Amino acid sequence: MSRLRALWQASFNATKRALVWSSDDLIPPSERYIFNFNSKDELKRWHLYSDSEYGGLSSASLEITDSTADADTSLTGVFSGNLSSDMSEDSTWRIRRYGFCGMRSKKFDGFIDLDAYDTIAMKIKGDGRCYISTIYTENWVNSPGQQEDNSWQAFVHTPQDRWQILKIPLDHYLPTWRGNVIEAKLEMNPARIVGMSLSVNAEGGVPGAKTGTGDFRLEVDWIKALRTL
């Protein structure tokens, strides 16, 4: 084969490969893991926060521990602690509300694109309290001078001491600003997600949920994005 013909054949083969698309290229998989608490390395992806940063006395921890989920023994994440409405006597902060804790993922490397998905699913076991699931997206709702990510929140009500798979459609997440719902018609950009969190407050939530100060415990097996439509 001449050199010219060899070059032509190589170019033809490369073009042919570029035109061959798999079904996964055209249709994303029906589910995508975002977090899987099956390794202690998962702890490196999260940080904790609470009202203790502002002089409060609430406390939280996150650990990976052995658990039994649906008769299978596996590792899961345990977000637990104590909610207090008290504040340190020497606190110089004056915030309106104490009694909150949260676990927030460290920022993704850039962002993750969930535009092909419509639902967030999580396998959890709770304590009867109402938790808050937050999705953080790139800042485009707030004014350019504000550095905070946009936040979108939905309630997570956890039955006492039993595993469940909770599914939250993305369009059920409401835009919020510092914990308050923004009274405007806005849509999330699921293609530019930079992080997520789970948090708990001593007060508030859905009717029937456990409230008040005291201990809390939420066990998390995994968090996924689903394509259901």
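Which residue is the bridge partner of Phe100 in E12? The partner is Asn201, and the points below place this pair in its setting.

1. Basis of the note. This is a predicted model, in which local features need pLDDT of at least 70, side-chain atom pairs count only at pLDDT 80 or more, and totals for chains, interfaces and linings use all residues. Residues are numbered from 1 along each chain as its sequence is written, and side-chain values use heavy atoms, with hydrogens and water left out.

2. Confidence. The mean pLDDT (the predictor's confidence in each residue, from 0 to 100) of the protein chain is 85, and 80% of its residues reach 70 or more. Over residues 14-23 pLDDT stays under 50, and the model has 1 contact for them beyond four places in sequence; contact means heavy atoms within 4.5 Å. Where pLDDT is low, the predicted coordinates should not be read in detail.

3. Overall make-up. The protein chain has 2 helices and 13 strands; these are DSSP runs numbered from the N terminus, helices being H or I of at least four residues and strands E of at least two. Of the 229 residues in the protein chain, 41% are buried. Here buried means under 20% relative accessible area, exposed over 50%, and partly exposed in between (1.4 Å probe, protein chains only). Among contacts between residues at least 6 apart in sequence, 75% join residues at least 24 apart.

4. The sheet. Seen in order, E2-E5-E12-E7-E8-E10-E11 form an open sheet of 7 strands with antiparallel pairing; two strands pair if DSSP finds at least two bridges between them. E2 and strand E11 (180-181) stand at the edges with a single partner strand each, so one side of each has no neighbour in the sheet.

5. Strand E5. Residues 100-105 make up E5, and 5 of these 6 residues are buried. E5 pairs in the antiparallel sense with strand E2 (residues 46-50) over 5 bridges, where Trp46 stands opposite Ser105. E5 also pairs in the antiparallel sense with strand E12 (residues 193-201) over 5 bridges; there Cys101 stands opposite Val200.

6. Thr119. This residue lies in strand E6 (residues 119-125) and counts as buried at 5% relative accessibility. Leaving aside neighbours within four places in sequence, the contacts of Thr119 include Lys167, Pro169, Lys224 and Thr228. The C-alpha atoms of Thr119 and Leu229 are separated by 9.4 Å, although the two are 110 residues apart along the chain.

7. Salt bridges. Side chains of opposite charge can pair when their charged atoms come close. A salt bridge here is a side-chain nitrogen of Lys or Arg within 4 Å of a carboxyl oxygen of Asp or Glu, and the count comes to 9. One of them joins Asp41 and Lys44, with the closest N and O atoms 3.6 Å apart; Lys44 is exposed, at 59% relative accessible area. Another joins Arg45 and Glu42 at 3.5 Å between the closest N and O atoms. Arg45 is partly exposed at 32%, whereas Glu42 is buried at 7%.

8. Asp149 and Arg104. These residues form a salt bridge, the closest N and O atoms being 3.0 Å apart. Asp149 lies in the loop between strand E7 (130-137) and strand E8 (150-157), and Arg104 in strand E5, so the pair ties together parts 45 residues apart in sequence. Asp149 is buried, with a relative accessible area of 16%, and Arg104 is partly exposed, with 22%. Salt bridges that share partners join Arg104, Lys107 and Asp149 into one network.
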